[in-house]
2 protein chains.
Amino acid sequence: MPLFSAVTVEQAKSLLKTHLQGFEHKIESVDLFSAYNRVLAEDIFSPEDIPGFNRSTVDGFALKAGDTFGASEAMPALLTLVGEIAMGEKTNIKLSTGEAAKIPTGGMLPEGSDAVVMLEYAQLMDDTTLCVERPVTPGENVVAIGEDMKRGDIVLSRGHTLRPQDLGALAALGIREVKAVKPPVICVISTGNEVKPPGESIKPGEVRDINTYSICGQVIRWGGVPMPLGIVKDDFQKLYDAIKLALEKSDAVVLSGGSSVGTRDLTVKVIENLGKPGVLAHGLPVKPGKPTVVAVVDGKPVIGLPGHPVSAMVIFEIIVRPMISMMLGRDEDFGTTRILARMSRNVPSAAGRQDYIRVKLERRGEELWAVPVLGKSGLISGMVESCGLAHIPSQKQGVAEGELVEVELY
Amino acid sequence: MPLFSAVTVEQAKSLLKTHLQGFEHKIESVDLFSAYNRVLAEDIFSPEDIPGFNRSTVDGFALKAGDTFGASEAMPALLTLVGEIAMGEKTNIKLSTGEAAKIPTGGMLPEGSDAVVMLEYAQLMDDTTLCVERPVTPGENVVAIGEDMKRGDIVLSRGHTLRPQDLGALAALGIREVKAVKPPVICVISTGNEVKPPGESIKPGEVRDINTYSICGQVIRWGGVPMPLGIVKDDFQKLYDAIKLALEKSDAVVLSGGSSVGTRDLTVKVIENLGKPGVLAHGLPVKPGKPTVVAVVDGKPVIGLPGHPVSAMVIFEIIVRPMISMMLGRDEDFGTTRILARMSRNVPSAAGRQDYIRVKLERRGEELWAVPVLGKSGLISGMVESCGLAHIPSQKQGVAEGELVEVELY
C-alpha cells in the first residue's frame with residue numbers, strides 16, 4: 001500500500017479539481033417556476049431589446065425636453081396637449097415642437113417626444129393648454145429602448161446560480177425554460193462498530209449516528225441530493241461492498257467515521273482496491289479534522305471525513321462544499337458569506353496548520369466581534385451555538401485579541 | 001372609501017403583526033431527512049445525557065490524571081497496562097492508582113480513570129509497562145457524561161430554523177421526527193392591461209410579466225410555497241374574483257402592478273370590498289416602492305406591491321419577507337445577512353423617506369465598500385448586477401462618500 005503524505009487543503013482541492021476535470025455535468029431543461037437556485041448550463045443572451053419601446057417611468061406628460069428649458073414656476077412653459085397615450089398600446093400620436101401628450105407609468109412614448117414631466121410639475125389650464133413649471137432633461141423619466149437589456153448582450157452566464165431577480169430577467173426576455181445542471185447525487189455513509197441509528201436504544205460505549213443527518217443537511221444546503229446509505233461496520237468486505245454500491249448509485253461518496261488509526265487505514269485500503277486513481281490525499285493539516293481521506297475512483301470522488309461530528313462538518317465545508325460546486329459547474333465558493341470580525345480573545349494555533357474556530361458574532365458599536373464557542377471538537381452543541389467558523393491560516397501562529405479574522409457564516 | 005395616510009415601514013409591519021396575532025400555524029410531523037430549513041413548532045429538550053458515558057476524544061491510554069503529575073521526558077511516570085477498551089462496548093476494567101488501559105477515540109473510559117494521554121506521549125516499555133512522558137489534567141481528552149447535552153436541557157427552541165448541525169443534534173438525542181410549521185402558501189398575482197405572459201409575443205406598448213417569476217422566487221427563498229395565479233386585467237370584477245379565489249386557496253396574497261394612480265385605487269377598492277379589516281396602509285415612504293398596499297382580509301394578508309420589477313422586489317424584502325417569517329413563527333429578520341460597508345460616493349435622500357440603493361460590494365484592503373449600481377428603478381438588469389441593498393434610514397438626508405451604511409445581502 002502506498003504512503004500518502006499530508007497535503008495542504010489547497011493542494012487537496014486542486015488534486016480533486018484536476019481529477020474532476022473530465023466530469024460531465026448532466027443537463028436538464030427546467031421551467032422558470034422550478035429554476036430558483038439552479039445552476040445555468042448555458043449562457044443566456046438577450047434575444048431582443050428590453051424594453052422594446054421608450055417607456056415612461058412616471059404618470060405625466062410626454063414632450064420634447066427642449067420645449068421646457070428655462071421653465072420655472074414664475075415662467076412656465078406653455079404646451080399644447082394633443083392627446084393621451086393608452087396603457088399597453090402603440091400610439092399614433094406624433095409630437096411636434098410645443099406639443100405634449102398625457103402618458104401613464106409604463107406607457108409608450110409617442111414619436112417626437114424624448115422626456116416625460118411628472119403630473120406634479122405640470123398643470124392643465126384648459127382642455128389643451130399645459131403649463132410646465134420646471135425643465136426636464138432629454139431622457140428624464142424614460143427608460144429607452146434596450147436600456148434594460150440590449151439584443152445580443154449576455155445577460156446571465158453559464159455556471160450562474162439563479163436568484164429571484166434572474167428569474168425576473170429571464171421572464172422579461174420571454175424565456176420560460178433554461179438548461180440547468182442536474183444536482184449531483186451524493187451517497188452518505190457512516191462507519192463504525194459503535195455507531196447506532198437514532199431510532200435504536202444504545203448501550204454504554206455506543207453512540208448514535210449523528211453524521212448521516214448533519215451531512216445530508218449540508219449536501220442539501222449546498223445544492224446536492226443526499227442519498228443516505230446508513231451505517232457500515234469497520235470490516236473490509238462490508239465497507240468495500242457499501243462504497244461499490246454507492247459509486248454505482250451516485251456521483252460522489254461521502255463517508256464519515258474511522259477516526260482511530262486502524263479504521264482510517266481500512267478506509268484507505270478499501271478505496272485503493274476499488275479503482276484508480278484511488279487516494280489522492282490522506283490527512284489534512286487542519287484543526288479540527290486531521291484524519292481526512294480525499295480520493296477519486298473511476299472519475300467519482302470518495303471523501304472520508306473524520307468521525308467527530310464537528311470535525312466532519314468542518315471538513316465538509318472546506319472539501320465537500322467546493323467539490324459540490326465543481327460538480328455543479330459554479331464558482332467554488334458560491335453561496336458562502338465571509339465577513340471580517342475582530343477576535344474577542346487570543347487564540348493559539350500551530351504554524352503550518354489551518355484552524356477553524358467556531359464563533360458567535362457580537363456587534364460592539366460599529367464593529368463586529370467574533371467570540372469563540374469553547375468546547376471539545378466532538379460536541380455537536382458547540383456547532384448549534386455558533387454561527388460561523390473563524391479561519392486561522394496555516395502561516396499564522398494564532399490570532400491576538402482584537403485582530404481581524406475572516407469568518408465564514410453558516 | 002376611507003383615506004389612508006402613508007405610514008412608516010415600521011408602522012406598516014407592526015399593523016400587520018397585530019392583525020396576524022391570531023394566525024394559527026399549521027403544524028406537521030417531519031422526518032429528520034426532510035427537516036432541513038424547516039421551522040420548529042416545538043421546544044426540544046434533551047431526553048438524556050449526551051454522551052451517556054465518559055468518552056475518549058483521542059487514541060491513547062485511560063488513566064488517573066494524578067498518576068501523571070510532574071511527568072516529563074526526563075522523568076516519565078511508569079504505569080501498569082491492565083487491558084484494552086474495545087470500541088462501542090462497556091468495559092469491566094476498573095483502574096486503580098498506577099494503572100492504565102488502552103483506549104480508542106470514542107471509547108468508554110473505564111471506572112477509576114479521569115483522563116486520557118495521547119498515544120504520542122506514552123510508550124510501552126514491555127507488555128504491561130507504560131511510560132508517560134507528560135502530565136495530563138483531569139478531564140483531558142475526555143468528553144464527560146452530559147458535557148455535550150444534559151438531560152432536561154433545552155437544545156432547540158420553537159421558532160428555530162433547522163440547520164445541518166441541528167439535525168445532527170436531534171439525531172444524537174435519538175429524535176427522528178419533529179413538529180414543524182407548515183410553510184405558508186402565497187398566491188402571486190400580476191395585474192395590468194399591458195402585462196403579457198413570457199410565452200406570448202408582445203406588441204409595442206406591452207411588457208412581459210416579470211413580477212410573477214421574481215416574486216415566486218422570493219417566496220421560495222424565504223420559506224413559503226408560491227402559487228402563481230397569472231395576470232389579471234385592471235378591472236374591478238376580474239380583480240375581485242381573482243383575490244377572492246386566491247384567499248380561498250392560500251394563506252396570503254401578493255399582488256403586483258397597478259403603479260399608476262387609477263389602478264392603485266382599484267386595488268384598494270377591491271380589497272375594501274372583500275372583507276375586514278381591509279387596507280391597513282396605503283403608500284410607504286420608501287424609494288423605490290412608494291405605491292404599496294398593506295391589507296388584511298379575514299385574517300389573511302393581502303399585499304399590493306408596485307408594478308416596477310425592482311420596486312416590487314424591494315418592497316417584498318421589507319414587507320413580505322418579514323410577513324412570511326411571522327407566518328412561520330420565526331424571527332422577523334431570519335436569514336437576512338446585514339453587513340456594514342462604506343458608501344463609494346455621495347447618495348442624496350429626502351428626510352422622512354427610507355431609501356434602498358442597489359449596490360455591488362468591493363473589498364478595498366481591510367474594508368468593504370458599497371458601490372451603487374446606477375439605473376432607473378424599472379430596470380431588472382440593475383438587480384441582476386447588484387448583490388445587496390444599502391439602506392438609508394428615514395431620519396437621514398443621504399449618506400456621504402466613505403460613510404458606513406448597512407447593506408442587506410440578497
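In which sense do strand 22 and strand 24 of chain B pair, and over how many bridges? Strand 22 and strand 24 (residues 367–372) of chain B pair in the parallel sense, over two bridges; strands are DSSP runs of E with at least two residues, helices are runs of H or I with at least four, and both are numbered from the N terminus. Two strands are taken to pair if DSSP finds at least two bridges between them. B:M343 has B:A370 in strand 24 of chain B as its bridge partner.

The model is predicted, with local features requiring pLDDT of at least 70 and side-chain atom pairs counting only at pLDDT 80 or more, while totals for chains, interfaces and linings use all residues. Residues are numbered from 1 along each chain as its sequence is written, and chains are lettered from A and ligands numbered from 1 in the order in which they are written.

Strand 24 of chain B also pairs with strand 23 of chain B, in the antiparallel sense and over six bridges. Within this pairing, B:E362 stands opposite B:W369 of strand 24 of chain B. The hairpin of strands 23 and 24 of chain B has two residues between the strands, and B:G365 adopts a positive phi near 65° there. Strand 23 of chain B (residues 354–364) contains B:D355. B:D355 has 22 C-beta neighbours inside 10 Å and therefore counts as buried; the class requires 20 or more other C-beta atoms within 10 Å of the residue's own, against 12 or fewer for exposed and values in between for partly exposed, with C-beta atoms placed from the backbone. Beyond its neighbours within four places in sequence, B:D355 is in contact with B:K287, B:S349 and B:I392, contact meaning that the C-beta atoms, placed from the backbone, lie within 7 Å. B:D355 and B:A370 are 15 residues apart in sequence and 14 Å apart in space, C-alpha to C-alpha.

An open, mixed sheet of six strands in chain B has the order 16-13-17-21-20-18. Its edges are strand 16 (225–232) and strand 18 (277–282) of chain B, each pairing on one side only. Strand 13 (residues 185–191) of chain B runs parallel to strand 16 of chain B, joined by six bridges, and B:V185 stands opposite B:V225 of strand 16. Helix 3 of chain B lies across strands 13, 16 and 17 of chain B, at about 165° to strand 13. Angles run from 0 to 180 degrees between N-to-C directions, and axes are lines fitted to C-alpha atoms, for helices over the stretch in contact.

Between the chains, 73 residues of chain B are in contact with 73 residues of chain A. Helix 2 of chain B gives the most to the side of chain B that touches chain A, with eight residues. Helix 2 (residues 164–172) of chain A packs against helix 3 of chain B at an angle of about 160°, with the axes 7 Å apart. The two helices are therefore roughly antiparallel, a class for angles over 145 degrees, whereas those under 35 count as roughly parallel, 65 to 115 as roughly perpendicular and the rest as oblique. The contact involves A:P164, A:Q165, A:L167, A:G168 and A:A171 of helix 2 of chain A, and B:Y213, B:S214, B:G217, B:Q218 and B:R221 of helix 3 of chain B.

Conventions
Contact = placed C-beta atoms within 7 Å.
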